[in-house]
Amino acid sequence: MGEKRKPATICIQSGWKPKNGEPRVLPIYQSTTFKYETSEQMGRLFDLEEDGYFYTRLANPTNDAVAEKICELEGGVAAMLTSSGQAANYYAAFNICNAGDHIISAATIYGGTSNLFTVTMKKQGIDVTLVDPDAPEEEIEKAFRPNTKMVFGETIANPALVVLDIEKFARIAHRHGVPLIVDNTFATPINCRPFEWGADIVTHSTTKYMDGHAMTVGGCIVDSGNFDWNAHADKFPGLTTPDESYHGIVYTERFGKKAYITKATAQLMRDLGSIPSPMNSFLLNVGLETLHLRMPKHCENAQRVAEWLLAREDVAWVNYPGLKENKYHALAEKYMPDGSCGVISFGLKGGRQAAGEFMDKLKFVAIVTHVADARTCILHPASHTHRQLTDEQLVEAGVDPSLIRLSVGIEDADDIIEDLRQALED
């Protein structure tokens, strides 16, 4: 990764390093395959004895350059792009879990990830226990089993906006010899670097702030290189015993700190193929180049909007970590002193019906199934993203059935507030 640089410099400079006479801007290597002069060269690539490119499902120069940039932003040792945030979370877990294994996750995570863990992965024989992230350590520890392989949480939960106590979860996970995986989508490495607080692996839906323009769906997995797989070799045989599908390679012996990402690439991506297109990675890189400029503006605007909503009589409640009254304000100050994210949740005194009527009157604030891009947008999770959950399940996931999720963009804050005001008062 080279010398340690500030996030702004990494956003602009990292990943693509052109040599003399090469394009200054990251090229789009829009090719499925790559040519070699000899059969022996190609063979060494397939044996993982050399680095190089032979088929874009496994690796592509455009994709790798963007993965390297995100890796450096997070302070990791290796990273892999995926075709979506869902794919990133699935690969991150499935890379170390087999049928018969068990995982522990914060209950307040994004509904799509919750469904992935509790429904789809359960069908594959991987069980999950959802825990209250605010519970005392001794309560969370009761969820562990001999076959537990990982602990999962989100830096800032979508859309509950619960701030994860990363140090607490890291302590618990490490006491039981398993890694902590943290989805850092909402905070981004501009506002929080979970590795600095004990997390072992970070995932992202790059679709959100990293892309920043609602152009490309994507995901990323970053490994800190800090978890000692060999110290718990019996728990992680996929990394510490021979992989017969790759000539008996033992990933931890051959690749050291890069074992986890190498296995995910060489094995999971080989077999499941959830790759981003090079064009999408190129567009993601364009978004990353302004991430350090956009995140402070998102947070500044969201703080103003949250304070304005809090003062209104027709608003029942406002949830935003930047508010001093917020339950998670102290944790947000600890882990994200420069700001959390641009997402606010709130409820109207009129409940579900009032939420729908309010949203229908908005002019430029758009109702979309998206969050965390340059444009302000809004959603009612109980009616949209979380509609597969009952009211009881919504509450368990930290989502009030009346909750409105407002993703504050980087427009002028006065204009955002005016659109909200006219929709509430019309």
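How many bridges join strand β2 (residues 102-106) to β4, and do they run parallel or antiparallel? Four bridges join β2 to β4, and the two run parallel; strands here are DSSP E runs of at least two residues and helices are H or I runs of at least four, numbered from the N terminus, and two strands pair if DSSP finds at least two bridges between them. The model is predicted, with local features requiring pLDDT of at least 70 and side-chain atom pairs pLDDT 80 or more, whereas totals for chains, interfaces and linings use all residues. Residues are numbered from 1 along each chain as its sequence is written, and side-chain values use heavy atoms, without hydrogens and water.

Strand β4 is also joined to β5 by four bridges, again in parallel, and individual partners are listed below.

| Residue | Partner |
|---|---|
| histidine 102 | threonine 148 in β4 |

From β4 the chain crosses through α7 to β5 in a right-handed β-α-β crossover, meaning that, with the strands pointing away from the viewer, the path from the first strand over the helix to the second runs clockwise.

Threonine 207, in the loop between β6 and β7, is buried at a relative accessible area of 10%, and its side chain reaches the backbone nitrogen of glycine 218 at 3.0 Å.

Key:
Buried means under 20% relative accessible area, exposed over 50%, partly exposed in between (1.4 Å probe, protein chains only). A polar contact is a pair of N or O atoms within 3.5 Å; within protein, one must be able to donate a hydrogen and the other to accept it, and residues adjacent in sequence count only if both atoms are side-chain atoms.
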